[in-house]
Amino acid sequence: MSPFTVARRLHGGGLFARCPVRCVPLTPAHRRRRSLWCREHRNWRDNEWGRVLFTDESRFSLSSDSHRILIWRERGSRNHPSNINERDRYGGRGALVCGGIMLGSRTDLHIFDAGSVNGTRYCNEILLPYVRLFRGAMGLQFLFMDDNAPCHRTVAAEQLLESEDIERMD
């Protein structure tokens, strides 16, 4: 039996070859906290969300992904747990990029030079040039949202946010 015959039969049964979704593994505690956060903010309106600056970093691989794996799944089942490949480490060369968004605005993308990002680099390259600028434009109603990356939770980052009177959203 040829691979094309197998693929045709699987397609006839509603299965299609797709790459699995990659995500960071979440513990039950993570899921509970995320659910609680969603319930607390479900009634927020645009005027409340419009004062929040969301920031995040992403690493982009500069090398080819030779670990391409395909799975056979049904349409509409992309995020089913059996179709997710949990992965929280990225190997190879890459570029770390940071950016921020809020309703009606965004920061420039910041590309980190080589090396790891510690609390000092985070303060000097993200908080001071980008977040402080948005805080100044928004005034006291400004809220800052980042994730729990270790460099975000350093004493230096906490002190800088406090000294600049920047409120961090849980």
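## Salt bridges and overall build

A search of the whole structure turns up six salt bridges. Keep in mind that this is a predicted model.

| Pair | N to O distance |
|---|---|
| E164 and R132 | 3.5 Å |
| R168 and D146 | 3.2 Å |
| E158 and R168 | 2.8 Å |

R168 turns up in two rows of the table. From strand β10 it reaches D146 in the loop between β9 and α5, tying together parts that are 22 residues apart in sequence. R168 also pairs with E158 of helix α5, and here the parts are 10 residues apart. Why does R168 count as buried? Because its relative accessibility is 18%, and the cut-off for buried is under 20%. D146 is buried as well, whereas E158 is partly exposed at 33%.

Now for the chain as a whole. It has five helices and 10 strands. Its radius of gyration is 21 Å, well over the 15 Å the globule rule gives for 170 residues, so the chain is more spread out than a compact globule. The C-alpha trace spans about 70 × 40 × 30 Å along its principal axes, and 28% of the residues are buried. Helix α1 is hardly covered, with one buried residue among its 10. Just after α1, G14 takes a positive phi of about 90°.

Terms used: Residues numbered from 1 in each chain as written. Predicted model: local features only at pLDDT ≥ 70, side-chain atom pairs only at ≥ 80, totals over all residues. Heavy atoms only, no water. Buried < 20%, exposed > 50% of the residue type's maximum accessible area, 1.4 Å probe, protein only. Helix = DSSP H or I, 4+ residues; strand = E, 2+ residues; numbered from the N terminus. Rg over C-alpha atoms; globule rule 2.2 N^0.38 Å. Salt bridge = Lys/Arg side-chain N within 4 Å of Asp/Glu carboxyl O.
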